[in-house]
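Please consult the sequence and the structure while reading.

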Amino acid sequence: MLRILDSTLREGEQTPGVYFDVHIKIAIADLLDSIGIDIIEAGHPVVTENIRQAVAGIAARNLSARVGAHARSIERDVDVALECGVGFLGIFYCVSDARLSHHSQSLPQAIDRISRVIRMARGKRPDLLIRYTPEDAVRSPYANVLTAATEAVRAGADIISIADTTGVMIPGSERNMFDYVSRLKDDLARRDLFPDIAVHCHNDRGLALANALDAFRAGASIIDATVLGLGERAGIVDLATLLAVLAHDFRVDRQWNLVRIPELYELVSRYARVPIPVNLPVTGKNAFTHCAGVHTQAAMKNPLHYQSLDPGVVGRHSEVSLDHMSGMAALMHCLEQIGEMEVDDDLAGKVLKKVKEVGETGRTVDLLELRYIVKYLREHRAAA
Ligand SMILES: [Zn+2]
């Protein structure tokens with residue numbers, strides 16, 4: 001079964017300038033849980049005392065979601081995480097030759113260390129969900145990743161996460177997630193190992209979502225995402241877009257309470273101090289707004305002419321916005337929406353002229369402003 005891991009509180013907080021207070025983290029975790037997110041990655045507890053408090057505080061809330069902590073392959077990191085009471089532990093360690101030599105480690109030494117830490121965590125908490133992430137997996141030698149993954153699963157890891165740490169994968173090219181995940185699953189299966197495969201896709205090339213879906217198609221069963229796609233550099237997969245696409249276009253055996261998505265985005269945007277881009281799919285202000293004249297006319301007859309995603313999926317609805325591109329059909333539609341069905345042709349012509357004038361200044365006319373325009377022009381017909 002497909003599971004969604006939200007990392008807004010861990011990866012998201014690695015966005016330059018983003019910090020969430022403990023009480024805000026708890027509010028975000030509660031909303032994620034109400035939406036039906038499976039795993040909430042709450043933070044790396046040894047980094048600061050505030051993060052430790054947040055992880056422990058969220059873990060104590062008895063959420064339906066598994067609450068997770070990040071840990072380096074170090075016993076102390078694991079101990080601190082387990083003391084927080086988490087049900088999920090994400091352990092990471094690099095396996096690329098360049099990074100290993102930087103740490104003055106050989107691959108066997110690294111694998112020994114990873115296995116030892118996983119065995120220790122498994123021994124202390126048999127019910128713990130353990131994920132091992134070979135950092136920068138897709139740019140590391142494949143043989144190293146396979147060996148490390150094999151030994152991690154033998155030591156007790158339930159999940160192997162394929163991290164496209166720098167966003168280099170491109171669907172359909174030689175380096176693509178579909179082939180990578182397929183190959184890893186096959187090679188592990190040949191060794192009688194069947195861990196869940198997770199994917200952590202960075203968005204440096206704007207392809208994080210495409211790569212995550214490519215991995216899902218190959219059998220990855222956990223996808224990482226964050227609210228607003230927050231994260232290091234260009235961030236990772238945007239949670240709302242991922243969920244809307246999965247709910248709308250894929251036959252996934254899952255139900256999410258997506259109508260709470262707008263509330264979650266407002267909350268995270270406000271306290272991360274990162275505005276929601278107006279053209280962001282699903283949650284952006286303009287995501288379901290029709291503006292250009294010819295589009296609006298067609299969209300009013302049938303929204304699907306210029307819209308492929310149902311805004312109702314996230315509790316929103318289509319909107320029409322008026323500007324210099326708007327025609328009479330769009331204006332009449334908007335007049336109807338504000339209860340102005342009795343506007344005669346002469347007044348409608350004057351209103352449309354004014355709307356276009358406003359549009360040329362770079363603003364759009366919403367329904368509230370349309371009321372004021374109609375009122376003004378009705379009262380000042382002669383002057384207009
Ligand atoms: Zn990351």
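Domain bounds, as used here, come from an automatic or database domain assignment. The model discussed is a predicted one.

Q: How far apart are the C-alpha centres of domain 1 and domain 2, and where does each domain lie in the chain?
A: Domain 1 covers residues 3-272 and domain 2 covers residues 289-379. Their C-alpha centres are 44 Å apart.

Q: What makes up the contact between domain 1 and domain 2?
A: Two residues are in contact if their C-beta atoms lie within 7 Å. Eight residues of domain 1 and six residues of domain 2 take part in the contact. On the side of domain 1 that touches domain 2, helix 9 (239-249) and helix 10 (261-272) each give two or more residues. Helix 9 supplies the largest share of that side, four residues. By class, this side of domain 1 has seven nonpolar residues, one polar residue and no charged residues.

Q: Why is strand 4 described as largely enclosed by the rest of the structure?
A: A residue is buried if 20 or more other C-beta atoms lie within 10 Å of its own. In strand 4 (residues 88-94), seven of the seven residues are buried, and therefore the strand is largely enclosed by the rest of the structure.

Q: Which residues of strand 4 cover its two faces?
A: In a regular strand, side chains alternate between the two faces of the sheet. On one side of strand 4 are Phe 88, Gly 90, Phe 92 and Cys 94, and on the other are Leu 89, Ile 91 and Tyr 93; all are buried.

Q: What arrangement do the eight strands form?
A: They form a closed barrel in the order 1-2-3-4-5-6-7-8, with parallel pairing. Strand 1 (residues 3-6) pairs with strand 8 (residues 222-225) over four bridges, in the parallel sense. In this pair, Leu 5 is opposite Asp 224 of strand 8.

Q: Which residues have the most contacts inside the largest nonpolar core?
A: Leu 89, Ala 212 and Ile 223 have the most contacts inside this core of 98 residues. Among the residues that Leu 89 touches are Gly 68, Val 78, Leu 128 and Ile 130. A second, separate core has twelve residues, including Val 320 and Leu 331.

Conventions:
Residues numbered from 1 in each chain as written. Predicted model: local features only at pLDDT ≥ 70, side-chain atom pairs only at ≥ 80, totals over all residues. Core = buried A, V, L, I, M, F, W, Y, C linked by C-beta atoms within 7 Å. Pairing = 2+ DSSP bridges. Nonpolar A, V, L, I, M, F, W, Y, C, P; charged D, E, K, R; others polar. Lists of a residue's contacts leave out its neighbours within four places in sequence.
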